Amino acid sequence: MSASDTNCIFCKLVGGEIPATVVHRDDRVIAVVDVNPQAPVHLLVLPLEHHGTLGELIAAGRTDVALALLRTATALGDERGGPAGFRLVVNTGADGGQTVGHVHVHVLAGRPMHWPPG
Ligand code: 5GP
Ligand code: ZN
């Protein structure tokens, strides 16, 4: 873990070096609109600190940050998805489809989410 990783695009986003539509920010997490939305509502909730995965975040003892991710993602899902609901996704590693190595929770809403996908 490090407070910030200079090669990480999400650390740059947290630092304001790349623009983002920010919908929430507090002392632990930030939530932004995904640049390539997969649903009418597609937000990303990420810690201000750099951690690669949810497992690494928890292993670093940052359980307060892990809870903040879930709390914010759930609140935004409730707010943006309404009674129809929402989906939270944490892609992890190559097979999990993780393309940015800074842990983040996807908040998806605004259309039915089918499982299995496709
Ligand atoms: P992953 O595939 O790692 O689970 O999700 C990465 C997500 O980050 C993708 O949904 C992608 O569209 C989004 N993303 C990648 N680069 C940027 C960016 O510069 N800004 C924002 N807002 N989202 C990004
Ligand atoms: Zn980072």
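Is aspartate 27 buried or exposed? I looked this up first: aspartate 27 is exposed, at a relative accessible area of 61%. The scale I use is this: buried is under 20% relative accessible area, exposed is over 50%, and partly exposed is in between (1.4 Å probe, protein chains only).

**Ground rules**

I note that this is a predicted model, in which local features need pLDDT of at least 70, side-chain atom pairs count only at pLDDT 80 or more, and totals for chains, interfaces and linings use all residues. Residues are numbered from 1 along each chain as its sequence is written, chains are lettered from A and ligands numbered from 1 in the order in which they are written, and side-chain values use heavy atoms, with hydrogens and water left out.

**Overall layout**

I listed the elements next. The protein has 3 helices and 5 strands. Both are DSSP runs numbered from the N terminus: helices are H or I with at least four residues, strands are E with at least two. Read from the N terminus, the order is α-β-β-β-α-α-β-β. The radius of gyration is 14 Å, close to the 13 Å of the globule rule for 118 residues, so the protein is as compact as a globular protein of that length. That radius is taken over C-alpha atoms, and the rule is 2.2 Å times the number of residues to the power 0.38.

I then took the dimensions. The C-alpha trace spans about 40 × 30 × 25 Å along its principal axes. Of the 118 residues, 36% are buried. The protein exposes about 6700 Å², and carbon and sulfur atoms supply 56% of that. These areas come from the Shrake-Rupley method with a 1.4 Å probe; for residues, only the protein chains shown count as cover.

I also checked contacts, meaning heavy atoms within 4.5 Å. Among contacts with a separation of 6 or more, 54% are between residues 24 or more positions apart.

**Salt bridges**

How many salt bridges does the structure hold? I find 4. The test is a side-chain nitrogen of Lys or Arg within 4 Å of a carboxyl oxygen of Asp or Glu. Side chains of opposite charge can pair when their charged atoms come close.

I started with aspartate 27. Its partner is arginine 28, with the closest N and O atoms 3.8 Å apart. Arginine 28 is partly exposed at 32% relative accessibility.

Arginine 62 and glutamate 49 form another bridge, at 3.0 Å between the closest N and O atoms. Arginine 62 sits in the loop between helix 2 (54-59) and helix 3 (63-81), and glutamate 49 in the loop between strand 3 (41-47) and helix 2, so the pair ties together parts 13 residues apart in sequence. Both are partly exposed: arginine 62 at 29%, glutamate 49 at 21%.

Glutamate 79 and arginine 80 also meet, at 2.9 Å from N to O. Glutamate 79 is exposed at 55%, while arginine 80 is partly exposed at 37%. Shared partners join Asp27, Arg28 and Asp64 into one salt-bridge network.

**The cores**

I turned to the inside. A nonpolar core is a set of buried Ala, Val, Leu, Ile, Met, Phe, Trp, Tyr and Cys residues joined through side-chain atoms within 4.5 Å. In soluble globular proteins, nonpolar side chains tend to be buried together.

Which residues of the largest core touch the most other members? Val45, Leu57 and Leu69 do, in a core of 16 residues. Strand 2 (29-33), strand 3, helix 3 and strand 5 (105-109) each supply at least two residues of this core. Helix 3 gives the largest share, 6 residues. Another core, of 10 residues, lies apart from it; Cys8, Leu13, Leu44 and Val100 are among its members.

**Around Thr72 and His24**

Threonine 72 lies in helix 3. It is buried, at 8%. Beyond four places in sequence, threonine 72 touches His24, Asp26, Val29 and Val45.

Histidine 24 belongs to strand 1 (residues 22-25) and is partly exposed at 26%. Leaving out neighbours within four places, histidine 24 contacts Val29, Ile30, Ala31 and Thr72. Histidine 24 and valine 45 are 21 residues apart in sequence, and their C-alpha atoms are 8.6 Å apart.
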